[in-house]
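Here is a friendly briefing to read with the model open beside you.

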Amino acid sequence: MEHLSAGGTALELLVHGVGGATPEKMLNDPRTVRITGDDTAAVYRRADDADADSRPGDRRGGPVPEAYVWSNLTSGNGTRALWLLLLPFMVVNLAHWMRPTARGRLRTVRLYGLLVRLAGLTLTVLLVAAACEVALDLTAWQCAGTRTCAERHSWLGFLSPAVSEGGWWSRPGRRLGLAALVPTALTGLLWYLSHRTWRAYESQEPLDRTPEPDEETDRTALGRPGFWYGRRLVARLRAAHTAAGLLTVAAAVGSAAARFDRRPGGPAALDAAGWLLMAALAAGAAAVVGVVCLRGRSEHRLDRELDEHLVRRLPLGALVLLALALVYAGWERPGWHSDGRLPGDATFGAIALVQGLIVIALAVAAHLLHRTHPDARAAMRGLGGPAVAMLACALGGVMSGGVSQRVADWLDGTRTSLAGPPVLLTWQASVIPPLLLVLLVLCAWLGRWTWRLSRAERAAVAHDHPGEAEDEARTRRIARARAMASLTDKGPLVVAVTSTTTLVLGAGALVGAMATDRTPGLAAQHAYGLIQGAAETAQALGSWLIGLGFVLFVTWGRRAYKDASARRTIGILWDVGTFWPRAAHPFAPPCYAERAVPDLTWRMATWTEITGGRLVISGHSQGSVLAAAAAWQLTPSVRKRVALLTYGSPLERLYGRWFPAHFGPAALSSLHREVDCWRNLHRLTDPIGGPVRLPGDCGPEVDRAPLADPLAYGRTPEHPLPAAILGHSDYQADPAFAEERERLLGRLRPEVPTQR
């Protein structure tokens, strides 16, 4: 028997959505106090309700409102601007969680996770290789080795053989060793950011519990005790990726010296040392890949082990190999001069080839999983994960090519004295204009589709407001808002076209670079005039666009570092992209839900245990996703004392379609069965929120009919001024919100004790 007296306290736990909110605004009271939590995330109440639990009779049957504020988890201080550097890592981590629903295909599921982790590893290598290209090849090898470039940049004078008149640092190997400090520092920065956030986020321990006998754990992994505690996996992957970055730097430094030592008549001792170093680096790379291939997350229990020996020894071993490579490259070698460029084409070509093969294999695995358990609502028929992984690789390529192109232009303004970046990077930049042309055509089609839908919606708007004087301009605005909101459902089409075009053009760029070993303009030098002109235009425009993108990226990051409002804009991006744990890439921005979900779970579990009461958790937008995830973490006995109110919720429209294995129809249906009651509010003008669409008779039990937006078509006594079109915001302004909340609270406050 469980009892709740008619006068007992009821709790309404409010969870805000993307962009954050203040407790004063959430509670509609300027006087608020923090009940529990810290400066990062906390629960607030009105000052008058601080001790409401000890005097339940004073509430007169109304709920005690609490606000859980978690916005600082994603927008915090100025160092969050550095997270822009981690954008490709965040995107590839999303691909891990986008796998289709599957039952009985455990090996295929593990293969899918392994392929995404390997794709993440290639992105780390790509980023560090780009830093090596800038620091080692363009700066230390090419510019410092060319008199005109070194004279133009006087700070490189001590590295130039001509300017320094053969100084100690002017030897090619020593120049490379000194320049290697830049990519090494980048690797160290990535390790520091990951370790710092790991201690702040992944170290938050969830509620330790054992599954109850009647608990459904096969519907979604979000209900497993260890789902929001990925501390061990992140530590292991961080060690592997840090070692991979250091080994990449060591290979860049050591391979240049080894190539010189292998020439006929070279010193035998240095040649043998070079072969030994390359063998050691290959063994280190094999060890890194082996660690990445180990079993992924342990979700059925709280895994408190840390693999301390592996976490410490793997990066330390890579650091030792890097030190040996620096000593080997810095050895005196008479007759060694820097000319041309370092062999970067082979490196970047191998990375691009491996990434393409991984994406194709990932698509095959995703197709097999989707075929075993088809989901009509799943984005791209289950291929959303491979498509997003392709976009992550493309983002990494754009960032690498952008920084290389900009640094090359800065060092050699005339583009005549230096060989420049690898040919492959120029080819990859040259495919950006064709890609943008395809996207422009797609945007034109979407614009026409939206215009036609807007015209069709005018009749629906008139039908929704019978008996009112028609205002043609007002009708058009409402119809346009509905049509624009519907564009969200075209997201899978945009991602499919972008990723497919990127894969095809990227493959063409790789083939063109490897086959010709020349830039597109030079490769088409003897072709027809039209082809030659198109190649030269694409090359020039692509170089300009990729450089512009890099400049905008740096400018945005600098502004975000100084401006709190810009930082909040970046925080909105992280709100959506960093909900999921870091299962594929340890350098991705941290998962705020590994702090927020345990916070909410602890609060709900302890409050119901202390008071014996029942509560309603109310989530807007991304807050509804956090609310659902927290409800899944409760034991079934506590979950039955919880009601769920969601509004502007992307649970099915975005998460159900893009993450079907975790928010698919089976998972959402089980949540509806296990909580006391669930109601969902949405508008046709909301571009983010939508209906939950539960199958069968469950749908109307959860989804209310779309709310009117605007609240009034024309001027009324209640709305003497034209009512605004609210879209995704201000759901509390609709009377339906208070009505549904009272309906839930009525179920949570029975007049007599109930028996379960």
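The largest cavity has a volume of about 40 Å³, where a cavity is a set of points on a 1 Å grid over the protein atoms alone at which a 1.4 Å probe fits but cannot get out. Grid points are joined across faces, edges and corners, and the volume is the space filled by probe spheres set on the points. This is a predicted model, in which local features need pLDDT of at least 70 and side-chain atom pairs count only at pLDDT 80 or more, while totals for chains, interfaces and linings use all residues. Residues are numbered from 1 along each chain as its sequence is written, and side-chain values use heavy atoms, with hydrogens and water left out.

**Cavities**

- By this rule, the count is three cavities of 30 Å³ or more.
- The lining of the largest cavity is made up of L85, P88, F89, L123, L126, L127, G396, M399 and S400; a lining residue has an atom within 4 Å of a point.
- Helix 3, helix 4 (106-143) and helix 12 are the elements that each give two or more residues to this lining. Helices here are DSSP runs (H or I, at least four residues) and strands are too (E, at least two), numbered from the N terminus.
- Sorted by class, the lining of the largest cavity has seven nonpolar, two polar and no charged residues. Ala, Val, Leu, Ile, Met, Phe, Trp, Tyr, Cys and Pro count as nonpolar, Asp, Glu, Lys and Arg as charged, and the others, Gly among them, as polar.

**Aromatic pairs and charges over rings**

- The structure holds 22 aromatic pairs. Rings of Phe, Tyr and Trp (its six-membered ring) pair if their centres lie within 6.5 Å; planes under 30 degrees apart count as stacked, over 60 as edge-to-face and the rest as tilted.
- F89 and F587 are both buried. Buried means under 20% relative accessible area, exposed means over 50%, and partly exposed lies in between (1.4 Å probe, protein chains only).
- Y647 and Y731 also form a tilted pair, with 5.9 Å between centres and 50° between the planes.
- This pair, too, links distant parts of the chain, with Y647 in strand 6 (residues 642-647) and Y731 in the loop between helix 26 (698-702) and helix 27 (735-748), 84 residues apart.
- Y647 and Y731 are buried.
- R683 lies over the face of Y731, 4.0 Å from the ring centre. A charge sits over a ring if NZ of Lys or CZ of Arg is within 6 Å of the ring centre and within 35 degrees of the ring normal.
- The charged end of R262 likewise sits over the ring of W275, 4.3 Å from its centre.
- One aromatic cluster is formed by W70, W97, F227, W228, F579, W580, Y592, W632, Y655, F659 and F663.

**Backbone details**

- Most residues other than glycine have a negative phi, and most peptide bonds are trans.
- The peptide bond from D709 to P710 is cis, with omega near 5°, and P710 lies in the loop between helix 26 and helix 27.
- E165 is not a glycine, yet its phi is positive, near 55°. E165 is found in the loop between helix 5 (147-152) and helix 6 (172-179), and counts as exposed because its relative accessible area is 72%.
- R381, also not a glycine, has a positive phi of about 55°. R381 lies in the loop between helix 11 (344-372) and helix 12 (384-411), and is exposed, with a relative accessible area of 66%.

**Residues and their contacts**

- T242 is in helix 8 (residues 231-261) and counts as buried because its relative accessibility is 6%.
- Not counting residues up to four places away in sequence, T242 touches T187, W191, P315 and F587; contact means heavy atoms within 4.5 Å.
- L654 has its place in helix 23 (residues 651-658) and is partly exposed, at 24% relative accessibility.
- Neighbours within four places in sequence aside, L654 is in contact with T488, F659 and I688.

How values were computed. On a 1 Å grid over the protein atoms alone, a cavity is a set of points where a 1.4 Å probe fits but cannot get out, and a pocket is an open set with protein on both sides within 12 Å along at least five of seven lines; lining residues have an atom within 4 Å of a point.
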